[in-house]
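Subject: Structure for your review

Dear colleague,

Please find below the sequence and structure that I am handing over to you. My notes on what was found follow directly after.

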Amino acid sequence: QVQLVESGGGLVQAGDSLRLSCAASERTFSNYAMGWFRQAPGKEREFVAGISSSGGYTNYADSVKGRFTISRNNAKNTVYLQMDSLKPEDTAVYYCAANPRRVNDVYDYWGQGTQVTVSS
């Protein structure tokens, strides 16, 4: 069982930056693909970014390409989401997730989420 804890959310203005972190309990963290998802009020949860177990492959939703960067530190069991040039439409609860297969596969483990609010 992988436990994931997100942090770093908050209230910012449009154009600002935030960095989200997700700490994993699993000592074999380096075996897991990791992803960030988000869910805005009244909308379905959507994929934001994913990173392979080694960090060598990343994938992004079109809406965040060029603004968000996913990275990981396997020595610290942590995955990050650097969010730049934030827009009001980025407002959502952000979740990190893990699966022991591939970035574009179903995710098995989820964190509790962290709120990101971007004011205009």
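Cys 22 and Cys 96 are both buried, where buried means under 20% relative accessible area, exposed means over 50%, and partly exposed lies in between (1.4 Å probe, protein chains only). These two residues are joined by a disulfide with an S to S distance of 1.9 Å, a disulfide being a pair of cysteine sulfur atoms within 2.5 Å. The link of Cys 22 and Cys 96 is right-handed, with 40° about the S-S bond. It connects distant parts of the chain, since Cys 22 belongs to strand β3 (residues 18–24) and Cys 96 to strand β9, 74 residues apart. The structure holds one disulfide.

Two remarks on conventions are in order. This is a predicted model, in which local features need pLDDT of at least 70 and side-chain atom pairs count only at pLDDT 80 or more, while totals for chains, interfaces and linings use all residues. Residues are numbered from 1 along each chain as its sequence is written, and side-chain values use heavy atoms, with hydrogens and water left out.

Strand β9 covers residues 92–99, and seven of its eight residues are buried. Strands and helices here are DSSP runs numbered from the N terminus (strands E, at least two residues; helices H or I, at least four). Two strands are taken to pair if DSSP finds at least two bridges between them. On that basis, the following pairings of β9 were found:

- Strand β4 (residues 33–39) pairs with β9 in the antiparallel sense over seven bridges, and Gly 35 stands opposite Ala 97.
- Strand β11 (residues 114–119) runs antiparallel to β9 and is joined to it by three bridges; Thr 114 is the bridge partner of Tyr 94.
- Strand β10 (residues 109–110) is also antiparallel to β9, with two bridges, and Tyr 109 stands opposite Ala 98.

Salt bridges

A search of the whole structure gives six salt bridges, each defined as a side-chain nitrogen of Lys or Arg within 4 Å of a carboxyl oxygen of Asp or Glu. One of them joins Glu 46 to Arg 38, with the closest N and O atoms 2.6 Å apart. Arg 38 is buried at 6% relative accessible area, whereas Glu 46 is partly exposed at 35%. Both residues belong to a network of salt bridges that also includes Arg 67 and Asp 90.

Arg 101 forms a salt bridge with Asp 105, the closest N and O atoms being 3.0 Å apart, and another with Asp 108, at 2.9 Å. Arg 101 is partly exposed, with a relative accessible area of 41%. Asp 105 is partly exposed at 30%, and Asp 108 is partly exposed at 38%.

Leaving aside neighbours within four places in sequence, Ser 52 is in contact (heavy atoms within 4.5 Å) with Tyr 32, Ala 33, Tyr 57, Arg 72 and Val 103.

With kind regards
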